[in-house]
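Reader: I have some questions about the words used for this model. Could you take me through them one by one?

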Amino acid sequence: MKRLNPIPFSRRCLAVLLSAALLGQTAVAQAQVNLPALGDSVSADVSIGAEKKLGDQVMRQIRIDPDYIDDPLLLEYAQNTWQPLVDAARRLGNISEDTSDRFAWELFLVRDKSVNAFALPGGYVGVHLGLIAMTGARDELASVLGHELSHVTQRHIARSIIGDSRTSTLATVGLLLGILAAAKSRSMDGAQAAIVTSQAAAAQAQLNFSRDMEREADRVGFQVMTQAGYQPAGMASMFERMEQAYHLMDSGAYPYLRSHPLTSERIGEARARLGTAGPGKLVGTTEHVLMAARARVLMDQRTDPWRVLQALDGGSRQKENIDQLAARYTSALASIKLRDFSRAEASLKTADALAGLLGADPGAKRLLVYARAELELARGKSEAGLAALEPLKGERSRPMLMMRADLAQADPRPEVKREAAEALQTHLALRAHDALAWQQSGVLWEQLRQPLRSLRAQGEARAALGDITGAIDRFASAEFQARDKKADQFEASVIDARLRELRYERRQLLAEMYPRGVPPGAEP
């Protein structure tokens with residue numbers, strides 16, 4: 001997908017959605033939305049299937065955007081924070097039987113330094129790394145995720161689409177697909193028109209829910225986060241942190257506060273929900289502090305910000321506290337990015353010592369082990385990287401799988417590559433939509449001189465990202481190579497079957513995009 005540089009990721013993708021969602025709708029800020037009672041259905045206007053389809057269309061564009069990030073460690077942590085909220089929403093009855101199975105309930109990360117999070121149709125919630133970076137405790141992050149989850153469970157997106165004009169679902173989806181097509185086309189006029197339209201909508205609001213919807217998301221989100229076992233003080237603490245940061249340093253980097261206005265009323269309500277327990281004081285775990293530090297390093301890929309973060313190793317060595325641990329970890333990661341390996345080594349050594357003195361939790365110590373492996377990988381010392389993972393021997397997590405695959409790609413030993421490739425195959429048998437795992441698998445099979453397996457993995461990776469045309473291209477190339485008499489016939493049959501499925505899926509998508517018939521030249 002061609003980058004549309006004038007619009008940052010979240011505004012670009014959300015603005016496309018907003019252009020559809022706000023079609024025929026009067027300004028929400030000027031029109032009072034009459035919210036149905038909790039649990040009332042709005043499916044007569046925007047069905048669950050239509051909302052899911054709308055979300056899937058937007059996600060196809062998001063997943064192939066360069067700012068969509070799959071850092072296994074950060075994503076695992078965010079998902080482990082998110083899943084208890086989803087489970088709690090089910091227990092509370094907020095997730096209906098219809099949406100439970102049909103919506104994705106999927107969290108994803110965006111490489112962006114702005115403080116933002118957003119809900120999309122169909123159960124998708126995006127989180128900017130800048131938001132994670134500013135949180136001081138997991139409970140604060142959970143309060144934001146619970147709020148966004150509640151926008152989905154209360155079907156606020158569907159209600160916003162309905163608006164006063166009761167815009168038809170088909171017209172909304174058609175407009176969305178038209179804008180997406182214009183953004184992908186070579187016609188600069190069409191793309192520019194889509195940009196202007198979406199910018200105007202984004203200026204109105206990013207998923208501009210009414211104040212009633214925001215209050216409902218606060219209330220329901222609070223219930224969900226406390227039911228999930230998070231500290232009630234998390235919401236008030238997060239509001240106060242964001243309000244202070246916004247007033248001190250906002251220069252356009254706090255879109256969450258513009259789309260989710262922190263009025264004194266909402267902050268007061270958050271404090272009032274704590275009851276007699278009082279606001280309390282949240283203390284971030286060492287694991288969370290390091291995760292926030294990791295987000296800080298990964299959210300901005302420029303050299304100058306990395307140098308600023310690297311300089312955090314110059315702090316007082318007399319302070320044995322959690323902030324110093326985070327500073328050393330941050331400096332180590334930034335130094336690895338800058339390929340200053342001796343400095344990274346020194347920072348990690350200090351971080352390890354501090355972790356021991358502070359009695360850091362297992363999650364923080366695990367992150368330091370992975371940082372050591374990342375350092376050896378950057379040095380090109382795969383064997384040393386594998387040895388660095390020994391303290392986590394027996395771990396079968398996705399981050400471990402991906403790290404071993406990275407190290408195997410740099411390792412000259414075929415048996416190491418094959419072991420990693422087969423481990424990925426086992427993983428993908430259960431998680432066939434893991435694009436990163438397919439990408440890793442494709443590289444390893446190519447290195448092992450298994451071209452059909454490599455092309456199939458590349459095709460599956462594109463399919464998992466939503467790039468159906470790219471997937472078909474790779475499977476078609478594999479099908480051509482499979483004609484060789486020496487080709488693996490089992491692999492060839494799998495490739496043939498998948499190619500048929502993908503071509504059918506593309507025809508279905510085109511039929512939805514062009515209900516009156518595909519115009520000449522529209523089909524790739």
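Reader: Why is arginine 155 called buried?
Author: Buried means under 20% relative accessible area, exposed means over 50%, and partly exposed lies in between, with a 1.4 Å probe and protein chains only. Arginine 155 has 9% relative accessibility, so arginine 155 counts as buried. This is a predicted model: local features need pLDDT of at least 70, side-chain atom pairs count only at pLDDT 80 or more, and totals for chains, interfaces and linings use all residues. Residues are numbered from 1 along each chain as its sequence is written, and side-chain values use heavy atoms, without hydrogens and water.

Reader: Where is arginine 155 found?
Author: Arginine 155 sits in the loop between helix 6 (138-153) and helix 7 (156-162). Helices (H or I, at least four residues) and strands (E, at least two) are DSSP runs, numbered from the N terminus. The phi of arginine 155 is positive, near 55 degrees, and the residue is not a glycine.

Reader: Is arginine 449 buried or exposed?
Author: Arginine 449 has 76% relative accessibility, so arginine 449 counts as exposed. Its loop lies between helix 22 (435-447) and helix 23 (451-465). Arginine 449 also has a positive phi, about 60 degrees, although it is not a glycine.

Reader: What makes strand 4 (residues 124-128) mostly covered?
Author: Five of its five residues are buried. Tyr124, Gly126 and His128 point one way, while Val125 and Val127 point the other way. In a regular strand the side chains alternate between the two faces of the sheet.

Reader: How do you know that strand 3 (residues 117-120) and strand 4 pair?
Author: Two strands pair if DSSP finds at least two bridges between them. Strand 3 and strand 4 have four bridges, in the antiparallel sense. Leucine 120 has tyrosine 124 as its bridge partner. Three residues lie between the strands of this hairpin, where glycine 122 has a positive phi near 85 degrees.

Reader: Which way does strand 2 (residues 106-110) run beside strand 4?
Author: Strand 2 and strand 4 run parallel, joined by five bridges. Valine 110 stands opposite histidine 128.

Reader: What is the order of the four strands in the open sheet?
Author: The order is 1-2-4-3, with mixed pairing. Strand 1 (68-69) and strand 3 are at the edges with a single partner strand each, so one side of each has no neighbour in the sheet.

Reader: How many bridges link strand 1 and strand 2?
Author: Two bridges link strand 1 and strand 2, in the antiparallel sense. Isoleucine 69 stands opposite leucine 109.
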